[in-house]
Amino acid sequence: MGTQGDAQGKWSAFELKVFGVDVSVQGSFFLVAVLPIAIGRTVGGCVQWVALAFLSVLAHELGHALLARRFGATPKITLALLGGNTRADTAAWTRAQEFAFVLAGPLASVAIGILGLAAHYVVPADRSEFTHTIINDAMFMGFGGGLINLIPILPQDGAQRARA
């Protein structure tokens, strides 16, 4: 979640519906590919990183969006350079609903980290390098993304939580 304006459809690389929620993916989102290049990953490793980042950020934003829909709103998600943004009309919500909406994204991220941690212990130790990297990246993106989003600075969820 963030404070961006309504960029849905503007500058979109593509649009889709996920669980009935409109999602707009801006081309700038894929600039996240530079991160793994900076740490020396192969082209395949970069594709893997971008795919996992896409799924991780989408899951985070769906955490917000699905709860917003449960509260009667029509959410819209935009994925862009610095992550994602879920917009919903929250004017009629109680403070408790706003608080839950803000925390739903980081909780979805932490759930991804927990899945990665579980896979770390369940998948055999002699797993392939590819599998090892996906598991580690899932833990990093899940736990890291969840915790970073709780920092009380805009546009992070933590700042939104402080305002809720």
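**Close-up views of a predicted model**

**View 1. Pairing of strands β2 and β3 in the predicted model.** V23 stands opposite I77, a residue of β3, in a model that is predicted rather than determined by experiment. Strand β2, covering residues 21-26, and strand β3, covering residues 76-80, run parallel and are joined by four bridges.

**View 2. The four-stranded sheet.** The sheet is open and consists of four strands in the order β1-β2-β3-β4, with mixed pairing. Because β1 (12-18) and β4 (83-87) each have a single partner strand, they stand at the edges, and one side of each is left without a neighbour in the sheet. From one strand to the next, the twist averages 20°.

**View 3. The hairpin of β1 and β2, with F19 in its turn.** Strands β1 and β2 are paired in the antiparallel sense through six bridges, and within this pairing E15 stands opposite S24 of β2. The two strands form a hairpin in which two residues lie between them. F19 is placed in the loop that links β1 and β2, and its phi is near 50°, a positive value in a residue other than glycine. Most residues other than glycine have a negative phi.

**View 4. The crossing of helices α2 and α3.** The axes of α2 (residues 43-70) and α3 come within 7 Å of each other and cross at roughly 145°, and the crossing is right-handed. On the α2 side, the residues that meet α3 are S56, A59, H60, G63, H64, L67 and A68. Their counterparts in α3 are A100, F101, V102, A104, G105, P106, A108, S109 and I112. By class, this contact of α2 with α3 comprises 10 nonpolar residues, six polar residues and no charged residues.

**View 5. L103 in helix α3.** L103 belongs to helix α3, which covers residues 95-122. At 21% relative accessibility, L103 counts as partly exposed, because the class of buried residues is limited to values under 20%. L103 and N149 are 46 residues apart in sequence, and their C-alpha atoms are 9.1 Å apart in space.

Terms used
Residues numbered from 1 in each chain as written. Predicted model: local features only at pLDDT ≥ 70, side-chain atom pairs only at ≥ 80, totals over all residues. Heavy atoms only, no water. Buried < 20%, exposed > 50% of the residue type's maximum accessible area, 1.4 Å probe, protein only. Pairing = 2+ DSSP bridges. Axes fitted to C-alpha atoms, helices over the stretch in contact; angles between N-to-C directions. Left-handed = near helix turned anticlockwise from the far one by under 90°. Contact = heavy atoms within 4.5 Å. Nonpolar A, V, L, I, M, F, W, Y, C, P; charged D, E, K, R; others polar.
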